Amino acid sequence: MVHKSLLIVSFIIAMLGFGSLPLQAQVKGLIVGPGAERFPIAVPLLKNLGPKMDDGKYSNGMADIVARDLELSGWFKVLDRSAYIEDSRRTGTALGRFDFRDWSTLGAEALVKGGFEVSGQSIVAEFRLFDVYRRRQIVGKRYTAEIKDFRRISHKFVDEIIYQFTGERGVFDTRIAYVSTGGGRFKEIYVAHMDGTERVQLTKNRTINLSPSWSPNGRTLLYTSFKEGKPRVYQRDLSSGKDSMFSSRTGLNLGGSWSSDGKTIALSLERRGNVDVYLLDQLGKIVRRLTKNSGIDVSPSWSPNGDRLVFVSNRSGSPQLYIKDLSGGETKRLTYTGGYNTSPEWSSKGDKIAYTGRSGGRFNIFTIAAKGGDPQMLTSNSGDNEDPSWSPDGRYIVFSSNRNGRYNLYLMRATGENQRRLTVSPGDDTNPSWSPRLD
Amino acid sequence: MGKQLISPLNSLILASFVFLMGCSLTPASKPVASSQRPGGTGQDQGSSTGMRSGQVTETAQSSSLEAFRRGQEIPSASRRSAGSPLKDIYFDFDRYSLQPEARQTLKANASWLKTNPSGRIEIEGHADERGTNEYNLALGARRAQTIKDYLSTLGITSDRLSTISYGEELPVCKGPGESCWQKNRRAHFVIISLGPSS
């Protein structure tokens with residue numbers, strides 16, 4: 001089934017040619033500061049190196065994915081392909097096989113060239129990243145994969161480009177699980193590539209399904225569903241496509257946030273109207289009750305090192321964020337700005353927490369330092385913006401926004417810059433959850 | 001542990017049984033609740049005297065989730081509407097406390113429950129669309145429990161009252177603005193069974 005292609009992908013990656021020193025030494029100041037100029041880069045079509053004819057599926061398709069990812073990253077400005085002057089029929093992809101002047105005259109400072117060969121059920125693709133001014137190859141990689149996974153090759157090379165420029169791998173080979181009405185009335189769980197494409201419907205329960213949450217190994221998803229008439233939490237095995245029950249206690253069973261080691265899941269459970277945060281083991285057994293408050297305590301999110309959890313509580317009279325220290329047991333209030341703050345998510349870098357806050361009658365995404373302080377508002381004057389989820393490298397946030405009418409998923413940098421629409425669907429897309437790095 | 005609720009499948013069987021017994025039912029496009037005699041409030045005797053021995057009453061109702069799954073209108077029982085003898089309760093934004101009007105409605109609902117001593121109901125807690133799905137599910141749970149606790153103080157035993165929260169997921173009114181939101185911040189009552197005839 002399709003699920004297999006999400007996970008069991010084998011890539012054979014080889015280094016190509018000689019790479020020079022990483023580019024970040026000279027460009028770091030250009031692209032990593034907030035509000036920095038975007039780095040101009042050219043991404044021509046890939047060259048077909050094999051005998052088999054290609055109608056553009058790979059030559060255009062793979063180049064387009066690289067270009068879009070680079071634009072989504074917020075660090076690059078991809079030069080318009082219609083301005084390219086190189087005659088690719090006369091040039092090659094390797095050093096010495098093309099003229100850097102064809103690219104420097106366009107203002108490109110970096111260049112991505114690639115080629116591919118399809119044979120049987122495999123595709124072999126090579127990608128090279130060049131420093132146009134220094135006329136050097138920065139890095140080259142050759143990938144071998146099943147033909148159906150050709151898009152992931154592009155995404156993986158973008159992660160490599162980002163590594164070369166920033167010293168940290170990109171997150172462009174990851175996925176996002178989310179809830180969509182798909183144009184109908186039922187809310188089902190979907191998984192798409194993080195760029196919003198290749199969406200797959202995971203549930204067909206014909207009911208309300210909510211709050212998907214990835215396990216740290218990327219193999220299972222917890223989700224909340226009314227498929228048996230009551231709100232329960234289920235566990236979906238992504239390779240088999242099968243559901244098992246995770247929590248079916250009387251009352252509300254809701255959400256699910258995994259500790260980084262995958263051993264403990266924080267969940268919201270109800271006893272007689274009172275919703276509290278509990279810790280459960282991988283089999284769904286309660287190991288600890290974290291809140292004993294007579295109000296609402298809901299939506300926990302783990303710190304990446306597992307020592308604390310942030311959650312929502314209305315114990316002060318309105319929903320605010322609180323942090324519970326697991327060893328000391330102390331609970332401290334985090335948010336003091338705004339009268340309604342919910343859906344916290346702890347960044348994978350551990351320093352910040354993103355959340356949804358109500359301001360001026362609308363909902364916006366905020367971040368706040370985990371140690372407390374003034375929040376930063378990342379969205380404004382753009383409808384309602386909710387449900388933030390961090391990328392595994394802590395540099396991006398995916399969220400749901402109705403700025404264009406219906407709710408769609410949007411991407412932005414953790415600074416709030418470069419807000420881009422990810423999904424285009426006939427219904428409402430909400431509750432995104434960003435996967436861990438896969439493979 | 002709480003009392004086991006009738007599953008959606010069982011309520012469908014309930015409804016089919018009623019149909020087979022030849023009772024008049026509304027057409028499939030309307031919720032079952034509207035088949036009840038109009039003007040029903042706590043003192044209406046009609047619904048209980050209409051039963052024959054061993055028969056399941058036609059006043060068994062669909063839950064909001066069942067109506068939603070079937071593509072029917074989500075049921076609401078505002079005070080002025082004919083239909084269910086148990087009227088909806090409304091709440092302020094982000095609140096689960098009972099306003100004076102809510103208490104009045106609950107007293108009337110309690111009277112009906114006393115007149116139908118074997119009747120069991122499910123209290124649904126709902127919220128308007130503002131705020132996050134998770135917080136609103138918790139809010140709905142609190143609203144349903146507040147109602148259950150209050151009915152208990154009025155003498156209704158808790159084994160007759162079950163609760164469920166649907167959060168913001170099953171609104172009766174779609175669209176932005178307070179006139180819609182107000183209608184959605186509610187508790188809705190579903191008659192699960194009236195029990196055997198006395």
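Begin by selecting chain B, where there are six helices and four strands, a helix here being a DSSP run of H or I with at least four residues and a strand a run of E with at least two, both numbered from the N terminus. Residues are numbered from 1 along each chain as its sequence is written, while chains are lettered from A and ligands numbered from 1 in the order in which they are written. What you have open is a predicted model, in which local features need pLDDT of at least 70 and side-chain atom pairs count only at pLDDT 80 or more, whereas totals for chains, interfaces and linings use all residues.

Of the 198 residues of chain B, 49% count as buried, a residue being buried if 20 or more other C-beta atoms lie within 10 Å of its own, exposed if 12 or fewer, and partly exposed in between, with C-beta atoms placed from the backbone.

Next, select the place where chain B meets chain A: 33 residues of chain A are in contact with 25 residues of chain B, contact meaning that the C-beta atoms, placed from the backbone, lie within 7 Å. On the side of chain A that touches chain B, at least two residues each come from strand 11 (209–214), strand 15 (253–258), strand 16 (264–271), strand 19 (297–302), strand 23 (341–346) and strand 27 (385–390).

Now widen the selection to chain A, which is divided into domain 1 (2–166) and domain 2 (175–434), bounds that come from an automatic or database domain assignment. The C-alpha centres of domain 1 and domain 2 of chain A lie 34 Å apart.

Then select strand 6 (residues 122–131) of chain A, which is largely enclosed by the rest of the structure, because seven of its 10 residues are buried. Strand 5 (residues 110–119) of chain A runs antiparallel to strand 6 of chain A and is joined to it by 10 bridges, strands counting as paired if DSSP finds at least two bridges between them. Along this pairing, A:F116 stands opposite A:A125 in strand 6 of chain A, and in the hairpin of the two strands, which has two residues between them, A:G120 takes a positive phi near 60°.

Terms used
Two residues are in contact if their C-beta atoms, placed from the backbone, lie within 7 Å.
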